[in-house]
Amino acid sequence: MSSDDPKQYLPLLRRIAILIFCILTLTLYFTTILVVSTVLPQIQGALSATADEVSWVVTFNILAIAIATPLTGWLVARFGAKRVMCTCVAGFTVATLMCGLSRSLESMILWRILQGAIGAPTVPLTQNFLLNNWPRNTHQMVMGINGMGVILGPIIGPTMAGFVAENYGWRWAFLMLIPIAGTGLIGLIAALPRDQETYRRRFDWIGFLSLSVSVCSLQYVLARGHRLDWFESNEIVIAAILSVLAFYIFLSHSLTTTEPFLNLSLLQNRNLTLGFILVTIFGMLSFTPMVILPSLLRQHFHYPDTLIGLVVGSRGIGGLIGFFVAMYSDRIDARLSMASGFALLTIAGYWMMHFDLNVTALEMGMNGALQGLSIGMVFVPMSVMAFSDLDPKFRPETLGVFHLLRNVGSSLFISIAVAEVVRSSGVNYARLVEFINPFNPGLTSPWVAGAWDAASQPGLARLSLEITRQSAMIGYLNAFGLFTVLAAIAIPIALLAKPNARPN
């Protein structure tokens, strides 16, 4: 039977129902994960925590996701995709409810860990269900529609959470999601097809534990490094060494055991390997501007939160357009679509490199829309290309790694960008203040210096404030430069993919 024979697929209405509830689940997942970024200050006050203590609410959730995501393949082989998906959504719903009911910081951290760990497999499983239950010639369209959930979550989450928390309290930012999660769970139970026969696959404890320790230690370094001054801290040094040693154990064990936790021989598939590389770069590019721009706009442009939300949300508008375009681009070579998307990201990055402190919100919003458009153009063909000639039985395992690399890439580049902003701001502040001296003719000319009077204390304070703004802006421009270079590097890599690959 042909791989596109309609007789082997579920009825169209049932496939549409699967698509709808998968999008709902994906949107809910990203909404719930990002809700905390908006209500974290309220949680800190309500639970009497310090800024460092409340940051563990985010850090431990990231670590739990990193550990649980690679388990997806083994869980599906052992228990079945539908059973795992429905159990994860149910557990995720309960954990979200308990986050809203938490009365102490310790209980909040515990439920955030469970929320991250139990919910992690839902993202790769969503993609797995759509690739398995829709004909190959519709994959581009289906993944485009599904990708809108990735965009809607980051838009809906912070926006709705801010409104609800301001009017009803931070707990309702979690509790408002429970009815939606319940609806999604009922829909998935009814729509998903019955599981195929499962088998008792041996669990590779050495591979799992070594990979978990490596990824967890790396995520810890990335999440806490900027707070602890990176390798000036013994804590960060120990975590980095532990990550490298654990990864070496994982690699050597996986190459020598008969049933490894992750089958590294699959990397011989060119499109899959290129997909892993590209999704890591994609993760680096997709979330970094959303993280570093708000601090720039709040601290140095003095924008209100509403305007910051509109500027950042413009990426979502562009993303919706990009995913909609990608739905109908299946006749275009996937390599060309990915390369075009990364080229547009390069243009957007080059545009950001020419921002200054006089840039308007409209211009930043237009740039954000261009980034969103590019992300939609890249993600859909990349998701289809990576698994185009892979045996479907390996999809759950490889999809788990696919989304793990996206998360790690995002954390890695955010940390690099923040470190560069801090480093460059300090260096440039020190260089700029060298020009503040009595021998600088600009400071002795009233028609040039204006209010920056170096002879008075208020004038020096204004000078210091302006130098701080300018040096910080240089730091952000350097981070945008790294963004641009990385996007440009991805263009030739995208062109290396195998065209028109067919399933085995």
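Visitor: Starting with helix 4, how many of its eight residues are buried?
Guide: Seven of the eight are buried, so helix 4 is mostly covered. Buried means under 20% relative accessible area, exposed over 50%, and partly exposed in between (1.4 Å probe, protein chains only).

Visitor: What kind of model is this, and how are residues numbered?
Guide: The model is predicted, and local features need pLDDT of at least 70, side-chain atom pairs pLDDT 80 or more, while totals for chains, interfaces and linings use all residues. Numbering starts from 1 along each chain as its sequence is written, and side-chain values use heavy atoms, leaving out hydrogens and water.

Visitor: Back to helix 4. Which residues are the buried ones?
Guide: They are Thr72, Gly73, Trp74, Leu75, Val76, Ala77 and Arg78.

Visitor: And what do they pack against?
Guide: The buried residues of helix 4 pack against helix 3, helix 5, helix 7 (122–133) and helix 17. Helices are DSSP runs (H or I, at least four residues; strands are E, at least two), numbered from the N terminus.

Visitor: Take helix 17. At what angle does it cross helix 4?
Guide: The axes of helix 4 (residues 72–79) and helix 17 (residues 395–433) cross at roughly 155° and come within 7 Å. That makes the two helices roughly antiparallel. Each axis is a line fitted to C-alpha atoms over the stretch in contact, with angles from 0 to 180 degrees between N-to-C directions; under 35 degrees is roughly parallel, over 145 roughly antiparallel, 65 to 115 roughly perpendicular and the rest oblique.

Visitor: Which residues make that contact?
Guide: Helix 4 contributes Thr72, Gly73 and Val76, and helix 17 contributes Pro396, Glu397 and Gly400. Contact means heavy atoms within 4.5 Å.

Visitor: What follows helix 4?
Guide: Glycine 80 does, and its phi is positive, near 100°.

Visitor: New topic. How many aromatic pairs are there in the whole structure?
Guide: A search finds eight. Rings of Phe, Tyr and Trp (its six-membered ring) pair if their centres lie within 6.5 Å; planes under 30 degrees apart are stacked, over 60 edge-to-face and the rest tilted.

Visitor: What about tryptophan 205 and phenylalanine 208?
Guide: They form an edge-to-face pair, 6.4 Å centre to centre with 75° between the planes. Both are in helix 11 (residues 205–224), three residues apart, which means about one helical turn separates them. Tryptophan 205 is exposed, at 54%, whereas phenylalanine 208 is buried, at 11%.

Visitor: Where is threonine 59, and what does it touch?
Guide: Threonine 59 is in helix 3 (residues 56–68) and is buried at 5% relative accessibility. Leaving aside residues up to four places away in sequence, threonine 59 touches Ala223 and Arg224. The C-alpha atoms of threonine 59 and alanine 223 are 6.4 Å apart, although 164 residues separate the two in sequence.

Visitor: And the chain overall: how many helices and strands?
Guide: The protein chain has 19 helices and zero strands. Of its 504 residues, 54% count as buried. Among contacts with a separation of 6 or more, 83% join residues 24 or more positions apart.
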